[in-house]
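These are my notebook entries on one structure. I recorded what I looked up, entry by entry.

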Amino acid sequence: MIDIFKRLLKKESEEAVVTSDAEAEKDIEEPGTHDHQPDTEPPKEAQEKGEPEGEWVKTGIEGFDSLLERGIPRGAAILIAGGPGSGKTIFCLQTLNYAATHGEKCLYMTFEEGEEKLRKHMHDFGWNPEELEKKGLLVIKRFDPFDVTISVEAMLEKARGELSIEITPVLIPDDFKPDRVVVDSLSAIAAGFIGSERSYRIYIEQLFRYFERMGATSFLITEIGSTPSTISKSGVEEFLADGVVVLYNVRDGNIRQNTIEVLKLRGTGFEKKIVPMGIIAGQGIVVYPEQEIF
Ligand SMILES: Nc1ncnc2c1ncn2[C@@H]1O[C@H](COP(=O)(O)OP(=O)(O)OP(=O)(O)O)[C@@H](O)[C@H]1O
Ligand SMILES: [Mg+2]
């Protein structure tokens with residue numbers, strides 16, 4: 001894994017130079033200071049000029065895209081939050097399958113389930129990952145969260161001295177520049193940083209910036225309790241993200257229902273409503289925007 005860090009994209013690392021720990025901390029933006037468009041209004045200029053083609057991307061998930069006025073802004077970072085088994089992984093596999101079949105280069109970075117298991121999930125829903133992989137449109141790659149921790153801690157430790165240090169937070173294969181990326185999950189990465197939350201915050205902040213510079217639309221999975229009070233582990237993720245989608249497993253008596261909500265999306269309007277969804281074998285996730293829950 002250290003080797004992989006060495007193979008990180010050179011030009012990216014030049015932009016991510018951290019000279020000291022104090023500087024690294026300073027680099028973390030405070031909640032609300034991130035330079036982005038306001039939550040639901042499209043930028044004024046864009047409204048006047050009309051949107052250029054391809055500025056908005058679809059998830060390809062039936063019913064979900066119609067919750068959004070325009071789609072997801074290309075290059076946005078979207079948190080996919082939900083309780084255990086709520087469908088986060090399937091949501092992300094489905095959007096990558098859609099994007100890759102439409103010619104986008106897609107990368108699924110898994111810190112949890114193995115690559116083969118993910119391919120099997122895709123087959124269960126009628127998708128063909130091997131065909132997309134052969135065409136060079138899909139890469140599924142597993143990483144060990146503890147390798148990330150060790151590398152990041154080592155780099156931060158080095159930065160405590162006077163030596164300048166390069167931090168590039170993502171282990172993307174050199175020869176693959178993705179249009180769409182999934183990280184499954186930030187919670188698994190956070191588990192590797194237990195006891196060094198500050199390093200985790202530094203890592204996450206750099207990760208968001210890295211995807212932003214690369215222009216990749218990113219979907220970052222985060223696990224929350226079944227009845228969430230906060231969306232992310234450290235709180236920093238939801239401020240850095242351009243959008244937050246929450247998957248719930250709602251209970252009414254002895255019945256549970258899968259539901260989904262767009263909680264935040266910068267730069268476009270969206271339906272502010274929790275709507276039912278189904279996870280259907282041979283098909284994937286289907287969202288029912290017209291239906292009420294229960
Ligand atoms: N082949 C299938 N057919 C129908 N439903 C399925 C199938 N496979 C999984 N599911 C449903 O999807 C849910 C799991 O989805 P997924 O793995 O995306 O959840 P997750 O939120 O990523 O879970 P975790 O927190 O464990 O990572 C299961 O609880 C089940 O209800
Ligand atoms: Mg999962």
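**Entry 1: helix α10.** In α10, I found Tyr200, Arg201, Ile202, Tyr203, Ile204, Glu205, Gln206, Leu207, Phe208, Tyr210 and Phe211 to be buried. I note that the model is predicted. I then checked the helix geometry: α10 covers residues 197-214, and its 18 residues reach 26 Å from the first C-alpha to the last. That value is close to the 26 Å expected at 1.5 Å a residue. Just after α10, I noted that Gly215 takes a positive phi of about 80°.

**Entry 2: helix α8.** The buried residues I listed in α8 are Val148, Thr149, Ser151, Val152, Met155, Leu156 and Ala159.

**Entry 3: the chain as a whole.** I looked up the overall content next. The chain has eleven helices and 13 strands. Its length is 294 residues, of which 41% count as buried. Among contacts in the chain with a separation of 6 or more, 74% are between residues 24 or more positions apart.

**Entry 4: the sheet.** I traced an open sheet of nine strands with mixed pairing, in the order β6-β5-β8-β9-β4-β10-β11-β12-β13. Which strands stand at the edges? They are β6 (138-142) and β13 (284-287); each has a single partner strand, so one side of each is left without a neighbour in the sheet. Neighbouring strands of this sheet are turned by 25° against each other on average, direction ignored. I also examined one pair: β10 (residues 243-252) and β11 (residues 255-265) are antiparallel and share ten bridges. Within this pair, Val244 has Lys264 of β11 as its bridge partner.

**Entry 5: helix α5 and ligand 1.** I found that α5 lies across β4, β5, β6, β8, β9, β10, β12 and β13, and runs at about 160° to β8. I then listed the surroundings of ligand 1: Gly82, Pro84, Gly85, Ser86, Gly87, Lys88, Thr89, Ile90, Asp124, Glu223, Ile279 and Ala281. By class, this shell holds four nonpolar, five polar and three charged residues. Which element gives the most to the shell around ligand 1? I recorded helix α5 (residues 88-101), which gives three residues.

Conventions. Residues numbered from 1 in each chain as written. Chains lettered and ligands numbered in written order. Predicted model: local features only at pLDDT ≥ 70, side-chain atom pairs only at ≥ 80, totals over all residues. Helix = DSSP H or I, 4+ residues; strand = E, 2+ residues; numbered from the N terminus. Buried ≥ 20, exposed ≤ 12 C-beta atoms within 10 Å, placed from the backbone. Contact = placed C-beta atoms within 7 Å. Near = placed C-beta within 6 Å. Nonpolar A, V, L, I, M, F, W, Y, C, P; charged D, E, K, R; others polar. Pairing = 2+ DSSP bridges. Axes fitted to C-alpha atoms, helices over the stretch in contact; angles between N-to-C directions. Expected span 1.5 Å × (residues − 1).
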